[in-house]
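Biologist: I'm new to this one and would like to learn how to read it. Could you walk me through it, a feature at a time?

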Amino acid sequence: MNIWKTALCAAAIALASATAAQAARTDLVLGVVLEPPHLDPTAGAAAAIDEVLYANVFEGLTRIGPNGEVLPALARSWDISEDGKTYEFHLHSGVKFHDGTDFSADDVKFSLERAMAPDSQNAQKGLFAAIDKVEAVDPATVRVTLKHPQGSFLYNMGWGDAVIVSPKSADTNKERPIGTGPFKFQNWAKGASITLVKSDDYWGEPVFLDKAEFRIIPDAAAAVPAMLSGDVQAFPFFPPDAVAQIKDDPNLKVVVGATEGETILAMNNRKPPFDQFKVRQAVSYALDRQAIIDGASGGFGVPIGSHMAPSNKAYVDLTGRYPHDVEKARELLKEAGLENGFKTTLKLPPPPYARDGGEIIASELREIGIDAEIIPVEWAQWLDQVFTKKDYDLTIVSHTEPNDIDIYSRPEYYFNYQNPEFNKVIDELNLTSDEAKRTELLQQAQKILADDAPVGFLFELPKVGVWDARLEGMWQNAPIQANDLTKAKWAD
């Protein structure tokens, strides 16, 4: 009898210990495809920066939630004047940056004015263009006065480009980011991983994880064994074409969601022959979206015909504007004086959707007489050559910034596209707060782009997440380019 009691007690203790050990896990290794060029969200266009730091290390006045909603962040609340031009933000008290510096209204004023400055490195300066002045009323109150009402202002303040930084550490954030978030930066092993650890002095609700390592895994060949072995426990943006290799593993969960990533074949609208409308039309007719989706997104992408996510309530299905029609494409090239085709270049950044999609698109263009030389480039080269210097003919990229149809109105944007009619719609949109009117204007803007074919609209980048079945709190969708770990935890 005593032997059985001893055995039962030992078994119970072992089971309790195992359960406690499992419940006590507080570390997480995430796989990410791209390494950020640096770690300052306010000084770079690469989505990979926000995928590590947004909401984890850096915070803004507001933040974007998992369903695209605007939520309070460093601002606990706000008041808006009747004319829609003045916003008074009431800030949380007792907030500190990770280096111990106190956060106050002065930091908000500094951050917004820094982003607006003529020499600003901010990749999204348009977010701040409506701001007239910023005043620190007292340490816990900021007043922002706009030049005109802007319906998207609170949303804009939730972007990664609008996070609040300290004057003390702003110039060194690229290598050692200092924010106010629930995680603080620990280490960046270049080419390998970025590690964050829990901030014990966080002002808000504490996170469950003590440590999160973002491991850089650029290809599916390495991602699959990393997930199957458990060496990596989550891959929020898993390569879609590799899902078949892991979907039957009972220890893993595959979650397919939506993103804000309009994947496009960008054309340099000022560079011959793409400065000709008929040539851009021909390229658009040459594209077989379904073949591209199957080959570049594992079949998970959703076709688009303009620059708007299908999940957006203002979305208009314009995929029928340029159906796949090889003969029509050849006819348009002939009308443009290019019956014998022409040679061009196609610069492709590292993501599989670009490299794989580029091979398919180059083949489709050959069918109509366009010989596109594929030039693989790394992200730093793409940002320098294509995005900054506009030194390209064609390129493929996914624009993962939310609600960013206005980029086609920017005079020096890398598309080199200009349409006064489109710009007028965007100008009116920026002055409009009424949701019904905003929807109407957004739909007008989509139709203008669909007709004008400034780029080849391909598909909405899917968010295919794969993670350990015991992991909770990961985002299904990606309304903003982020891996928000504020709710991530291991199930008890």
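Modeller: Let's begin with a word we'll need throughout: buried means under 20% relative accessible area, exposed means over 50%, and partly exposed is in between, with a 1.4 Å probe and protein chains only. Keep in mind that this is a predicted model, where local features need pLDDT of at least 70, side-chain atom pairs count only at pLDDT 80 or more, and totals for chains, interfaces and linings use all residues. Residues are numbered from 1 along each chain as its sequence is written, and side-chain values use heavy atoms, with hydrogens and water left out.

Biologist: Which residues point each way from β17?

Modeller: The general idea is that side chains in a regular strand alternate between the two faces of the sheet. Helices (H or I, at least four residues) and strands (E, at least two) are DSSP runs, numbered from the N terminus. In β17, Leu394, Ile396 and Ser398 point one way, Thr395, Val397 and His399 point the other way, and all are buried. With 6 of its 6 residues buried, β17 is largely enclosed by the rest of the structure.

Biologist: What pairs with β17, and in which sense?

Modeller: Strands of a sheet pair through backbone hydrogen bonds, either parallel or antiparallel. Two strands count as paired if DSSP finds at least two bridges between them. β13 pairs with β17 in the antiparallel sense over 6 bridges, and Glu262 has His399 as its bridge partner. β15 (residues 342-348) runs parallel to β17, joined to it by 2 bridges, and there Leu346 stands opposite Leu394.

Biologist: What is the strand order in the open sheet of 4 strands?

Modeller: The order is β4-β5-β7-β6, with antiparallel pairing. β4 (75-80) and β6 (131-138) are at the edges with a single partner strand each, so one side of each has no neighbour in the sheet. From one strand to the next, the twist averages 20°. β6 and β7 are joined by 6 bridges, and Asp138 stands opposite Thr141 of β7. Helix α3 (residues 105-116) lies across β5 (86-91), β6 and β7, at about 165° to β6.

Biologist: Now cores. How many residues does the largest nonpolar core have?

Modeller: A nonpolar core is a set of buried Ala, Val, Leu, Ile, Met, Phe, Trp, Tyr and Cys residues joined through side-chain atoms within 4.5 Å. The largest here has 115 residues, and Phe238, Tyr408, Tyr414 and Phe415 have the most contacts inside it. Apart from that core lies another of 34 residues, including Leu61, Ala115, Val134 and Leu154. As for Phe238, its contacts, leaving aside neighbours within four places in sequence, are Ala223, Val224, Met227, Val243, Ile246, Val464 and Val466.

Biologist: At what angle do α6 and α8 pack?

Modeller: Axes are lines fitted to C-alpha atoms, for helices over the stretch in contact, and angles run from 0 to 180 degrees between N-to-C directions. α6 and α8 (residues 326-335) pack at about 165°, with axes 8 Å apart. Angles under 35 degrees count as roughly parallel, over 145 as roughly antiparallel, 65 to 115 as roughly perpendicular and the rest as oblique. α6 and α8 are therefore roughly antiparallel. Residues meeting there include Val279 and Ala282 in α6, and Ala329 and Leu332 in α8.

Biologist: And which hand is their crossing?

Modeller: A crossing is left-handed if the near helix is turned anticlockwise from the far one by less than a right angle, and right-handed if clockwise. α6 passes α8 in a left-handed crossing, whereas the crossing of α7 and α9 is right-handed.

Note on methods:
Contact means heavy atoms within 4.5 Å.
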